[in-house]
Amino acid sequence: EKIVEQTHKVLATRDLSVAKEIEASDDKLDEIHRELFRIVLSPDWKHGVEAAVDVTLLSRYYERFGDHAVSVARRVIHVVTGEPYIETVMH
């Protein structure tokens with residue numbers, strides 16, 4: 001939810017500090033996504049394969065949303081500062 005609000009704010013205000021916060025929020029989403037894989041692949045996971053797939057797919061959607069939010073933030077930085085916009089390969 002936080003990254004959604006940040007993305008809205010950066011589009012509405014073109015605030016570069018918010019654009020930088022989006023990258024930090026995306027890093028946190030990436031970390032959560034990786035941690036989730038460790039959890040569902042551990043021997044302690046007792047919820048079955050179907051639940052593991054559902055949880056990891058949901059996590060992946062959130063992680064990708066974060067990647068898109070970063071892309072928006074970088075485009076706003078370009079519009080405001082004129083710095084070249086370089087799209088990175090998203091995982």
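Before moving on, a word on the model. It is predicted, so local features need pLDDT of at least 70 and side-chain atom pairs count only at pLDDT 80 or more, while totals for chains, interfaces and linings use all residues. Residues are numbered from 1 along each chain as its sequence is written, and side-chain values use heavy atoms, with hydrogens and water left out.

**Stop 1: Ser25**

Stay on Ser25, which sits in helix α2. Helices here are DSSP runs (H or I, at least four residues), numbered from the N terminus. Ser25 counts as buried because its relative accessible area is 12%; buried means under 20% relative accessible area, exposed over 50%, and partly exposed in between (1.4 Å probe, protein chains only). For a sense of scale, draw a line to Glu83, 58 residues away along the chain: the two C-alpha atoms are separated by 22 Å.

**Stop 2: the largest pocket**

Now select Glu1, Lys2, Ile3, Val4, Ser25, Lys28, Leu29, Tyr62 and Phe65, the lining of the largest pocket. A pocket is found on a 1 Å grid over the protein atoms alone, as an open set of points where a 1.4 Å probe fits, with protein on both sides within 12 Å along at least five of seven lines; lining residues have an atom within 4 Å of a point. This one holds about 190 Å³ of space, the volume being the space filled by probe spheres set on the points, which are joined across faces, edges and corners. Each of α1, α2 and α3 supplies at least two of the lining residues. Coloured by class, the lining shows 5 nonpolar, 1 polar and 3 charged residues (Ala, Val, Leu, Ile, Met, Phe, Trp, Tyr, Cys and Pro count as nonpolar, Asp, Glu, Lys and Arg as charged, and the others, Gly among them, as polar).

**Stop 3: along α2**

Follow α2 next. Its 26 residues reach 38 Å from first C-alpha to last, close to the 38 Å expected at 1.5 Å a residue; the expected span is 1.5 Å times one less than the number of residues. Its buried residues, among them Asp26, Asp30 and Leu36, pack against α1 and α3. Beyond four places in sequence, His33 touches Thr56, Ser59, Arg60 and Glu63.

**Stop 4: the core**

Select Ile3, Val10, Val18, Ala19, Ile22, Ala69, Val70, Ala73, Val76 and Ile77 to show the largest nonpolar core, 10 residues in all. Such a core is a set of buried Ala, Val, Leu, Ile, Met, Phe, Trp, Tyr and Cys residues joined through side-chain atoms within 4.5 Å. Helices α1 (2-13), α2 (16-41) and α3 (48-81) each give two or more residues, and α3 has the largest share, with 5. Zoom in on Ala69: outside its four-place neighbourhood, its contacts are Ile3, Thr7 and Ile22.

**Stop 5**

Helix α3 has 34 residues and reaches 49 Å, close to the 50 Å expected. Its buried residues include Ala52, Gly66 and Ser71, and α1 and α2 are among the elements covering them. After α3 comes Gly82, whose phi is positive, near 85°.

Finish at Arg14, in the loop between α1 and α2. Arg14 has a positive phi of about 60° although it is not a glycine. Most residues other than glycine have a negative phi.

Notes. Contact means heavy atoms within 4.5 Å.
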